[in-house]
Amino acid sequence: AFKGLHKVGLYSLIVLALALVAMELAFLAIGKAILKPIQTLAHTATEISGGDLSRRVRVNSNDEIGELGRDFNPMTERLVEANTGLERKVEERTAELEQSNADLAQFAYVASHDLKEPLRMVTSYVQLLERRLGKDLDTESKEFMGFAVDGAMRMRGLIDDLLAYSRVGTKRKPFENVEVEKIVGAALMNLKVAIDESEAQVDVGEMPELMADASQLTQLFQN
């Protein structure tokens, strides 16, 4: 009886081992047929989202996974086309902006020249009248003429400042280490007449050192 049971147990172990082997093979087949394609699809999607738009999914089956892969590739192609179109539009807009900036800079230069000429004439003629009629003018008339000359000079200064501002983006120089305290000092020196006339007091605290364009930084503080 024990001998018969031993054979039955041996056969049962063999059957169990064969069943385990079959299950392992089945799992491998399932992994190859389902899990691996899904992992490949996910890996490809990750690489595409990272910027590699040349990646494509290789479709080797006609099941649902294969159909998903076939739908995935055209989607990637459309993404490539959209990206290419976007880059082209960005290049076109950049070229348009560069041309527009160049046109605006040219316009600012021409307009500043054209505007300063009549102001110069107004200033000259008012000063000429003041010299010719100086003895015959009363205090109020002289004050009015002074206002006219001062207004023309201020307008001329505004035009110069606008012209300088329009050139800020085009006059590019490599940044260098500058002492801001000296930059502020230069700006105050340029404005010395205006400061004296207005009896202003400018207090400057401790200033740092910066990597900057010294001339543009001077214009910044001065304006």
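## Contacts of T218

Contact means heavy atoms within 4.5 Å. By that cut-off, and leaving aside neighbours within four places in sequence, T218 is in contact with I183, A186, A187 and N190. This is a predicted model: local features need pLDDT of at least 70, side-chain atom pairs count only at pLDDT 80 or more, and totals for chains, interfaces and linings use all residues. Residues are numbered from 1 along each chain as its sequence is written, and side-chain values use heavy atoms, with hydrogens and water left out.

## T218 in helix α6

T218 sits in helix α6, residues 214–222 (helices are DSSP runs of H or I, at least four residues, numbered from the N terminus). T218 is buried, at 13% relative accessibility (buried is under 20% relative accessible area, exposed over 50%, partly exposed in between, with a 1.4 Å probe and protein chains only). A polar atom of the T218 side chain lies 2.8 Å from the backbone oxygen of A214.

## A186 in helix α4

Helix α4 spans residues 180–190 and includes A186. A186 is partly exposed; its relative accessible area is 33%. A186 and Q219 are 33 residues apart along the chain. Their C-alpha atoms are separated by 9.7 Å.

## Nonpolar core

The largest nonpolar core has 6 residues: V178, V180, I183, V184, A212 and L217. Helix α4 gives the most to this core, with 3 residues. Such a core is a set of buried Ala, Val, Leu, Ile, Met, Phe, Trp, Tyr and Cys residues joined through side-chain atoms within 4.5 Å.

L217 is in contact with V178, V180, I183 and A212, again leaving aside neighbours within four places in sequence.

Definitions and conventions
Helices (H or I, at least four residues) and strands (E, at least two) are DSSP runs, numbered from the N terminus. A polar contact is a pair of N or O atoms within 3.5 Å; within protein, one must be able to donate a hydrogen and the other to accept it, and residues adjacent in sequence count only if both atoms are side-chain atoms.
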